[in-house]
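Reader: I am new to this structure. Please take me through it, beginning with a close look at one residue.

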Amino acid sequence: MRRRLATVALLAALLVAAGAPTALAANHGGLPALHAEPDATHGGRIVDARGRTALLRGVNVNALAEYWKGGDDPTVFPLERRDPARMAAIGWNTVRLLLSWSRVEPEPGRYDERYLTRVARTIRRLARHRIYTILDMHQDAWGPALAAPPGTTCPAGALPGLGWDGAPAWATLDGGKPRCYSGIREGNPAVLQSWASFWDDAPGPGGVGIRTRFARMWGHVARRFARDAAVAGYDLLNEPGALQPGEPAAMSAMYGDALAAIRTAERARRGQRHLVLFEPSVLFSVLGSGAPPDFARDRDVVYAPHLYTGGFNGGPITAQAFETAIAEARGFGGAPVLSGEWGSDPARAAPSRDHYFRAHQDLQDRFGVSATLWTWRESCGDPHKVADFRAGRLPDVWGEWDVRCTDNVIRGPRADLVRELTRAYVRAAPGLQSSAYTEATGAFVATGAAARGAAPIEVFYPAAKHGGRIRVTLTGARPLGRPRGAVARYRPTGGAWRVAYAPR
């Protein structure tokens, strides 16, 4: 009964957070800029401008993405007015915000500034709640223009291809290849050829290579946000389709070109050097390994594979998945690791199930890895759901919100999932060495070492989840002001420090 009441209290806090301003919600101060500290021996860290190890924890938001529309329902839900406060109540400090190349550059060399203004407004909305934004240039199976036209006939065992998201139609050079697939969308010949044209930097409109256009587009985006510290960084390309011989090397060359364009733009605006996230190919999400070749880079890069081990097939998440990612990051000078996507069927958070979400977050803490969950709110009109509808199945959606796919109505937050995602962690701390949260008891312990007068240790602890009354034990640190909602700060007094929470 006590657990049930705590869950009710937690959900109430989540739902009303935007309606009743708190100290955290009212804080409109700037977020510290972030940079990377690579370490090939112990693993790299993301560090803020105050010298603290920063752990970025949060969620993907697709509200601004352009998906192919294959049914009557909208492909995305908007980011609601209260959503940033709801995210802050869960404890998140980061959103991976999906952008679409097709919207940023709808025509060659012409950028949609009104779209980028919508992006900027979303960044500001999130920053008011102390939430960073990672700008993710998203794609799935190349782009929305590759949907098979009506009446397409495919060979036996193959189906007409769906459209997805990503590249604009003018950059889609598929060579007239068949738009059919046999169970794997990336195996669609038109998709494979579109990627091959991209990696080859094939000339598009005006004779300019489409990969060159992509790098220039990133330079334009970076120039727009060069002086915005609320932008944690840029995720260059989601799950690239580098599947054929020679393409992984071309992918790394593209990363080098895009990074150079971003840095040139930042210098031109006298802005900060943002983090640049780079991913392995789409195969990593299935195989759990497979780093790209190294490329021309600086120190402020982050390796960003998607740690979905066990997420699709009902299996467990393992320490090996994290160890592999960190080992692969050593090939890039020991870059920090951030899992840009992770997740599974939301039903696995139920008390009778295996608690995949809890186990994944425990490993994030153990290895000091940042991560953003897939996803916040998913529409039944998303192309990922169209195949289910066409096969006569009613799809299920992922995310924190239960959506009824008979009419695409949002029924409310998923209580068990929200509970497992709302957990204590160190948001930022000088000299952080370890942190661990025990869901069952509410115990939380973080340790580190810092000089006297170092920047504050900042901890999120969901007291409402554990009855509301807590006991904090400090060694080598003292409280700094009153907590901002569920976020408390502690000033190191010099040497080893330890912060421990326990429900009373």
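Where is G448 found?

Author: G448 is found in strand 18, residues 444-450. A word on the basis comes first. This is a predicted model, in which local features need pLDDT of at least 70, side-chain atom pairs count only at pLDDT 80 or more, and totals for chains, interfaces and linings use all residues. Residues are numbered from 1 along each chain as its sequence is written, and side-chain values use heavy atoms, leaving out hydrogens and water.

Strands are DSSP runs of E with at least two residues; helices are runs of H or I with at least four; both are numbered from the N terminus. G448 is buried, at 2% relative accessible area. Buried means under 20%, exposed over 50%, and partly exposed in between, with a 1.4 Å probe and protein chains only. The C-alpha atoms of G448 and L432 are separated by 4.3 Å, though the two residues are 16 apart along the chain. Leaving aside neighbours within four places in sequence, G448 is in contact with G431, L432, Q433, G495, A496 and W497. Contact here means heavy atoms within 4.5 Å.

Now the nonpolar cores. A nonpolar core is a set of buried Ala, Val, Leu, Ile, Met, Phe, Trp, Tyr and Cys residues joined through side-chain atoms within 4.5 Å. The largest has 104 residues, and those with the most contacts inside it are M87, W101, L135, F198 and W218. Helix 8 (residues 247-268) gives the largest share of this core, 8 residues. A second, separate core has 23 residues, including V426, Y437, A446 and I457. Back to L135: beyond four places in sequence, its contacts include L97, L99, V119, I123 and W218.

Another buried residue is R348, at 2% relative accessibility. R348 sits in the loop between strand 12 (338-339) and helix 11 (356-367). A polar atom of the R348 side chain lies 2.7 Å from the backbone oxygen of G315. Not counting residues up to four places away in sequence, R348 touches G310, G311, G314, G315 and P316, among others.

Next come the salt bridges. Side chains of opposite charge can pair when their charged atoms come close. A salt bridge here is a side-chain nitrogen of Lys or Arg within 4 Å of a carboxyl oxygen of Asp or Glu. By this rule the count is 35.

R224 forms a salt bridge with E113, with the closest N and O atoms 2.7 Å apart. R224 is in helix 7 (residues 210-224) and E113 in helix 5 (residues 113-127), so this pair ties together parts 111 residues apart in sequence. R224 is partly exposed at 30%. E113 is partly exposed too, at 35%.

R185 and D140 make another salt bridge, at 3.2 Å from N to O. R185 lies in the loop between strand 8 (180-181) and helix 6 (189-199), and D140 in the loop between strand 6 (132-138) and strand 7 (159-160), so the pair ties together parts 45 residues apart in sequence. R185 counts as buried, at 19%. D140 is buried at 4%.

R414 and D402 meet at 3.6 Å, N to O, in a salt bridge. R414 is in the loop between strand 15 (409-413) and helix 13 (415-421), while D402 is in strand 14 (residues 401-404), so the parts tied together are 12 residues apart in sequence. R414 is buried at 17%, whereas D402 is partly exposed at 22%. A network of salt bridges also links R96, D136, D235, E279 and E341.

The backbone has some points to check. Most residues other than glycine have a negative phi, and most peptide bonds are trans. W142 is not a glycine, yet has a positive phi of about 80°. W142 lies in the loop between strand 6 and strand 7 and is buried at 3%. R130, in the loop between helix 5 and strand 6, has a positive phi near 60°. R130 is buried, at 12%. A cis peptide bond joins W374 and T375, with omega about 10°. T375 is in the loop between strand 13 (370-373) and helix 12. The buried residues of helix 12 (residues 383-390) are P383, K385, V386 and D388. Just after helix 12, G392 takes a positive phi of about 80°.

Conventions. A polar contact is a pair of N or O atoms within 3.5 Å; within protein, one must be able to donate a hydrogen and the other to accept it, and residues adjacent in sequence count only if both atoms are side-chain atoms.
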